[in-house]
Amino acid sequence: DIELTIRSTVHGPIISGLTDDFTAIADDPAAALAAEGDTPVAPGSQEDAEYAVSLRWTALDPGTAATAIFALSTAQNFDDFRYAASLFDVPAQNLIYADTDGNIGYQTPGRLPIRGAGDGWMPQPGWDSAYDWTGFIPFDELPVSYNPNSGYIVTANNAIVTDDYPYFLSRDWDYGYRAARIAHLLERRAAAAPLTADDMREIQMDNEMWIGKQLATAMSDVEVSGAGPSEAVGLLTAWDAQNAASSSAAAYANVLWSNLVQNIFAEREQPLPIDGQGRLFTVVADLLENPSDPLWVNEQIDVDGMEQMLALSAEEAYDELAALQGTTVSRWNWGELHAITLTSDTLGSSGIAPVEALFNRGPYPVSGGASVVNATGWELGVSYATTTVPSMRMVVDLSDFDASTWNHLTGASGHAFDAHYTDQTADWAAGIQKPWAFSTKAVKAATVDTLVLTPGG
C-alpha cells in the first residue's frame with residue numbers, strides 16, 4: 001500500500017510543492033500578484049503566514065465531454081453539431097463543421113468561467129472572494145460562425161474574437177502569422193480556379209517563414225566580415241522564405257534568426273524573454289523599422305546599433321552552421337538541423353541506451369518551423385530540433401468521402417517491432433497523405449486483416 005496525502009481547497013487541488021515554478025509562487029506570492037498588477041493583501045495579519053497555489057479548472061469537475069463525442073459522431077446538421085458542442089465542456093477547442101450541402105461552420109465550445117475580478121492569467125489571491133468565479137459564459141454567447149461571407153474558416157490558434165467581445169477567453173493566442181498565410185493562399189488559389197482537396201493538402205505543407213522575408217531585406221545592405229559570412233548572407237538574396245528541409249538558405253535564415261533574437265533580448269544584464277516566436281516576429285519586425293530603437297544597443301556584446309547587431313548575428317550564424325554542417329554553404333540544409341526524434345513515452349527515456357534504441361526512432365529531417373503553416377516548432381536558444389508538430393493531417397472531400405486522405409506522425413501500431421510502428425513517418429515529413437476509406441465498398445477493398453471477437457463458451 002502507498003499512502004498519498006491529497007491537499008485541496010475550495011479552489012481545487014494544491015499544486016505547489018509538486019513543481020519548482022508553482023512552489024516559487026507559493027514562496028513569494030507578492031511577486032506573482034504584483035505581476036498581475038494587484039496589491040496583495042495577506043489573509044489575516046500573520047506575517048509568517050504560509051501560502052500555497054491551488055488550481056481551479058473545469059476539467060476537475062464532472063463533465064459531459066465524452067457524451068459530446070458520441071453526439072458529434074451522429075450530428076446530421078449544424079443544429080445537431082452545435083448541440084453536441086454545447087456538451088463539449090472541457091477542454092475548450094476550435095470545432096469546425098462542413099456538410100455535403102456545402103455549408104461550413106465554426107463553434108467555440110467549453111465551460112468557460114466568468115471571473116469576478118482578474119482574468120486568471122496570473123495567480124490570483126485565493127483568500128479574496130472578489131476573484132471567485134461567478135458563473136460560466138452562456139453557450140449561446142460563445143463565438144460561432146455559419147457560412148461566413150469569406151467562404152472559408154481558418155483556425156490556427158489565432159484570436160477568434162475582437163477586443164470588443166464582452167467576455168475574457170484568453171491572452172494566449174498565436175499572433176496570427178499562420179492564419180494570415182492560410183487565408184492568403186486560399187484567396188489566391190480561389191481567385192485562379194475552384195479550390196480542390198489537393199489545394200488543401202498543399203496549403204497544409206506551406207513552409208513560408210514570415211520573418212525570414214524581413215530578415216532577407218534587412219541583410220541586403222549589411223556588410224559582414226569574411227568570405228564565409230558574406231556567402232551565407234548571399235543565400236538570402238534568392239530565397240523564397242520557404243523552410244524546406246533541403247534548403248541551405250532556410251538553414252541559415254533560422255540560425256541567423258536565433259542568434260539575432262538572443263543578441264537583442266537574452267544576452268543582456270537583465271535578459272528579456274525569448275519564448276513565443278510569433279510574438280518575436282512582431283517585435284523584431286517593428287525594431288527593423290526603427291533603427292534608433294534603444295534595444296539595438298547592447299553593451300554586454302559590445303553592439304551600438306542595428307547594423308552592427310545584424311552583422312554580428314550574421315557572422316555568428318555562419319560560425320554556428322559551419323561547425324554543425326561544414327563550411328560549404330551550399331551543402332547546408334534545414335531538415336537535418338530541424339530534425340525530429342520520435343521518443344517513446346514509456347521506455348524511450350529510460351536512460352538505458354540499448355533500451356532507448358529499441359523504442360525510439362529517428363532523427364527524421366523535416367520542413368516547416370515555428371509560426372509557419374507547417375507548424376513544426378522549435379525552442380529558441382535551446383535547439384533547432386523539432387519539438388511540436390501537427391501529429392495528424394487530414395483532408396476531407398465532402399463531394400466523395402472515399403477521396404479523403406490523412407496521415408499520422410508515426411504509424412497505426414504502438415508495438416516497436418511491428419511493421420506499422422513508424423511506417424507513416426517518412427510520408428508525414430514529406431506531406432504525403434494516404435486514402436482514407438469511408439464507404440463499405442472502399443473499406444472492404446482496403447481491408448488487410450479482420451479482428452473477430454466472440455463471447456467465451
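Asp302 counts as exposed, at 62% relative accessibility. Exposed means over 50% relative accessible area, buried under 20%, and partly exposed in between, with a 1.4 Å probe and protein chains only. The model is predicted: local features need pLDDT of at least 70, side-chain atom pairs count only at pLDDT 80 or more, and totals for chains, interfaces and linings use all residues. Residues are numbered from 1 along each chain as its sequence is written, and side-chain values use heavy atoms, with hydrogens and water left out.

Stay with Asp302. Its phi is positive, about 60°, although Asp302 is not a glycine. Asp302 lies in the loop between E8 and E9. Helices (H or I, at least four residues) and strands (E, at least two) are DSSP runs, numbered from the N terminus. Glu299 sits in the loop between strand E8 (297-298) and strand E9 (303-304). Glu299 counts as exposed because its relative accessibility is 74%.

Asp302 and Glu299 belong to a negative surface patch, together with Glu269 and Asp304. Patch residues have over 30% relative accessible area and no salt bridge; like charges are joined within 9 Å, and nonpolar side chains (Val, Leu, Ile, Met, Phe, Trp, Tyr) within 5 Å. A salt bridge is a side-chain nitrogen of Lys or Arg within 4 Å of a carboxyl oxygen of Asp or Glu. Asp and Glu count as negative, Lys and Arg as positive; His and the chain ends are not counted. Each charge is placed at NZ of Lys, CZ of Arg, CG of Asp or CD of Glu.

Now the nonpolar surface. Met392, Met394, Val396, Trp406 and Trp436 form a nonpolar patch there, with about 410 Å² of accessible area together. Accessible areas come from the Shrake-Rupley method with a 1.4 Å probe; for residues, only the protein chains shown count as cover. Trp406 belongs to strand E15 (residues 405-408). Its relative accessible area is 31%, so Trp406 is partly exposed.

Next, some buried residues. Ala241 has a positive phi of about 70°, although it is not a glycine. Ala241 is placed in the loop between helix H8 (227-234) and helix H9 (248-266). It counts as buried because its relative accessibility is 1%. Ser367 occupies the loop between strand E11 (361-364) and strand E12 (377-379). At 11% relative accessibility, Ser367 is buried too. The Ser367 side chain reaches the backbone nitrogen of Ala245 at 2.9 Å.

Gln277 is in helix H10 (residues 277-288). With a relative accessible area of 8%, Gln277 is buried. Gln277 and Gly126 are 151 residues apart in sequence, and 33 Å apart in space, C-alpha to C-alpha.

Two cis peptide bonds deserve a look. One joins Val90 and Pro91, with omega about -5°. Pro91 is in the loop between helix H4 (78-87) and strand E3 (95-98). The peptide bond from Gly362 to Pro363 is also cis, with omega near 5°. Pro363 is found in strand E11.

Finally, step back to the whole chain. It has 15 helices and 16 strands. Its C-alpha trace spans about 75 × 75 × 55 Å along the principal axes. Of the chain's 457 residues, 39% count as buried.

Key
A polar contact is a pair of N or O atoms within 3.5 Å; within protein, one must be able to donate a hydrogen and the other to accept it, and residues adjacent in sequence count only if both atoms are side-chain atoms.
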